[in-house]
Amino acid sequence: MSTYLCTACGKEVAAPELWFNQAGQPFHHACYGQRFGSNAVVVRDIDMPFGSMVSFILKWSIAAIPAILIFAFVGFVLGSCYGAMVP
Ligand SMILES: [Zn+2]
């Protein structure tokens, strides 16, 4: 197994923190973010208790209702416009 040395801080990079720039140079993900001002987040894994996941998905579903209404309204307006073109 090969090890990588961080281009920014020079220390060895453990696999979960390993990050490559576009030139293929290895970085710690945090070092890369510090050097280049990126606050992007990479999600590698989610470990969530079952109960939390249930309440999270319930909240997510309820929060989706306004978005669904907006899409329905847009679909209604567009559908009406195209419907009016049909002879
Ligand atoms: Zn580093």
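Let me begin with how the domains were set, since their bounds come from an automatic or database domain assignment. On that basis the protein chain holds domain 1 (4-35) and domain 2 (47-87), and the C-alpha centres of domain 1 and domain 2 lie 40 Å apart.

Please keep in mind that this is a predicted model, in which local features need pLDDT of at least 70, side-chain atom pairs count only at pLDDT 80 or more, and totals for chains, interfaces and linings use all residues. Residues are numbered from 1 along each chain as its sequence is written, and side-chain values use heavy atoms, with hydrogens and water left out.

Let me turn to the zinc ion, whose protein donors (N, O and S atoms within 2.8 Å of the metal, or 3.2 Å for Na, K and Ca) are Cys6 (SG), Cys9 (SG), His28 (ND1) and Cys31 (SG), at 1.9 to 2.3 Å from the ion. Along the sequence, these donor residues follow the spacing C-x2-C-x18-H-x2-C. The arrangement is tetrahedral because the 4 donor atoms subtend angles of 102 to 116 degrees, and four donors count as tetrahedral if all angles lie between 85 and 135 degrees.

How accessible are histidine 28 and cysteine 31? Histidine 28 is buried at 10% relative accessibility, and cysteine 31 is buried at 15%, where buried means under 20% relative accessible area, exposed over 50%, and partly exposed in between, with a 1.4 Å probe and protein chains only.

Finally, valine 43 sits in the loop between helix H1 (29-36) and helix H2 (50-85), helices being DSSP runs of H or I with at least four residues, numbered from the N terminus. Valine 43 is exposed, because its relative accessible area is 60%.

Definitions and conventions:
Helix = DSSP H or I, 4+ residues; strand = E, 2+ residues; numbered from the N terminus. Tetrahedral: all angles 85-135°; square planar, octahedral: opposite > 155°, others 65-115°.
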